[in-house]
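Thanks, everyone, for making the time. I would like to walk through one structure with you, starting from the overall picture and then going down to single residues.

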Amino acid sequence: MNQSLIDYTLNLADNSLILGQRNSEWCGHGPVLEQDIAITNISLDLIGQARNFYQYAATLIGNDATEDSLAYLRKEEEFKNCILVEQPKGDWAQTILRQFFFSQYQYLLFQQLQNSKDEQLAAIAEKSLKEVTYHLRWSSEWVIRLGDGTDESHQRMIKAIDELWKYTDEFFSATSYELRAASNGSGVDISKLKEPWMNKIKEIFSEATLTIPGKTLIQTSGKEGKHSGHLGNILTELQYMQRTYPGCDW
Amino acid sequence: MNNYLRKFYYGDIPEDKAGGNIVSSDSKSDWPLWEVFIRSKQGLDHKHVGSLHATDAQMAMENARDVYTRRMEGVSLWVVESKYIHASNPEEAGELFEPAADKIYRHPTFYDLPDEVNQM
């Protein structure tokens, strides 16, 4: 059993699942009908990605593991998602900005992961990349629209940057399982993604009349299972049915 | 006795407490209306499928993609701002359309089409 490959795959799955769950909180509450559907589509894309990664992780783990047991029955400290994706959805600006940060990261990551020596990861990355390309386009345009919009939308973007920027370094600081996956060719050397990521952020921010903050905290704990309190809240909701009625089906 | 009727617009449903604050939704209804046309597959025409609100053409295109093509409805999209569409006046329907009713010789029904010809 290849524990680092399992952890690596779970990290990819957990990021998509938790952000998909967060975005789904907008369902029925979007600012306008068209954007309600847009963000819900993105949620479903992310949950679809998560399923692919969980199914693969389940085959690696063996025993009785399934995509459902991995999503619904693991404990908070077993989740390997980064801290950014578990943060509350906040207002529309915060949701948009987080999606933009994350989609740009996923875009760069999946471009590389397509070349993984692990055929399954390569295939999932290739399939997901088209979705992510659209998420990136959609969220970039919203960042520009809000940043370069009214006084209020500009202020809300500044507040969102203040809230979220500090979590973005976690993308690029590798855990031991990411280093191992990168060195044997199944994973991606994420430290190399930081520069192109930053270039894209600068490009969009300058069009949006927004400024990149200076130094920030490096948060690396989520991928190692140390989460902010927000993850527990999501899991309580996400896992409620399976924990209350084990094995329930519909 | 006064009865107040409140109209809820989409996204305005109060989330905290029943009754909620009355939120003006003017800014939402200010967004221009767009008409959406989809080509369902190569070789066919774009067909009108509905409308949506958006601030600009790019947003209209993406909204159309998100709202109208989620179930593989199409391969190409057109959006046009509704104000640019000029509609015929229903009161003029008589003079415009009824004269065609008794001119069946204009229909290509007097020919036998080979089976290979589709989309006629």
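Let me begin with burial in chain A, where buried residues make up 43% of the 250 residues; please keep in mind throughout that this is a predicted model. Chain A has ten helices and zero strands, so that, as the WHY of its overall dimensions goes, its radius of gyration of 18 Å lies close to the 18 Å that the globule rule gives for 250 residues, and chain A is therefore as compact as a globular protein of that length. Taken along the principal axes, the C-alpha atoms of chain A fill a box of roughly 55 × 40 × 30 Å. As for the contacts within chain A between residues at least 6 apart in sequence, 75% of them join residues that are at least 24 apart.

Helix α5 of chain A, residues 92–113, packs with helix α6 of chain A, residues 119–147, at an angle of about 145°, and their axes are 7 Å apart. The crossing in which α5(A) passes α6(A) is left-handed. Sorted by class, the contact of α5(A) with α6(A) has 16 nonpolar and ten polar residues, and no charged residues.

Let me turn to chain B and its sheet. Three strands of chain B form an open sheet in the order β2-β1-β3, with antiparallel pairing. Because β2 and β3 (76–81) of chain B stand at the edges and have a single partner strand each, one side of each is left without a neighbour in the sheet. From one strand to the next, the twist averages 25°.

How many bridges join β1(B) to β3(B)? Strand β1 of chain B, residues 33–39, is joined to β3(B) by six bridges, whereas β1(B) and β2(B) pair over seven bridges, in the antiparallel sense. F37(B) takes part on both sides, standing opposite W78(B) in β3(B) and having H48(B) as its bridge partner in β2(B). For V36(B), the bridge partner in β3(B) is V79(B). The hairpin of β1(B) and β2(B) has six residues between the strands, and there G43(B) takes a positive phi near 95°.

The two faces of β1(B) can be told apart: the covered face has W34(B), V36(B) and I38(B), while the uncovered one has L33(B), E35(B), F37(B) and R39(B).

Is K47(B) partly exposed or buried? K47(B) counts as partly exposed, because it has 13 C-beta neighbours inside 10 Å. If we leave aside the neighbours within four places in sequence, K47(B) is in contact with F37(B) and I38(B). The C-alpha atoms of K47(B) and A60(B) are separated by 16 Å, the two residues being 13 apart along the chain.

Finally, let me come to the place where the two chains meet. The contact takes 13 residues from chain B and twelve residues from chain A. On the side of chain B that touches chain A, β2 (46–53) and α2 (57–68) of chain B each supply at least two residues, and α2(B) gives the most, with five residues. By class, the residues on that side of chain B divide into four nonpolar, four polar and five charged.

Notes:
Residues are numbered from 1 along each chain as its sequence is written. Chains are lettered from A and ligands numbered from 1 in the order in which they are written. This is a predicted model: local features need pLDDT of at least 70, side-chain atom pairs count only at pLDDT 80 or more; totals for chains, interfaces and linings use all residues. Axes are lines fitted to C-alpha atoms, for helices over the stretch in contact, and angles run from 0 to 180 degrees between N-to-C directions. Helices (H or I, at least four residues) and strands (E, at least two) are DSSP runs, numbered from the N terminus. A crossing is left-handed if the near helix is turned anticlockwise from the far one by less than a right angle, and right-handed if clockwise. Ala, Val, Leu, Ile, Met, Phe, Trp, Tyr, Cys and Pro count as nonpolar, Asp, Glu, Lys and Arg as charged, and the others, Gly among them, as polar. Two residues are in contact if their C-beta atoms, placed from the backbone, lie within 7 Å. A residue is buried if 20 or more other C-beta atoms lie within 10 Å of its own, exposed if 12 or fewer, and partly exposed in between; C-beta atoms are placed from the backbone. The radius of gyration is taken over C-alpha atoms; the globule rule is 2.2 Å times the number of residues to the power 0.38. Two strands pair if DSSP finds at least two bridges between them.
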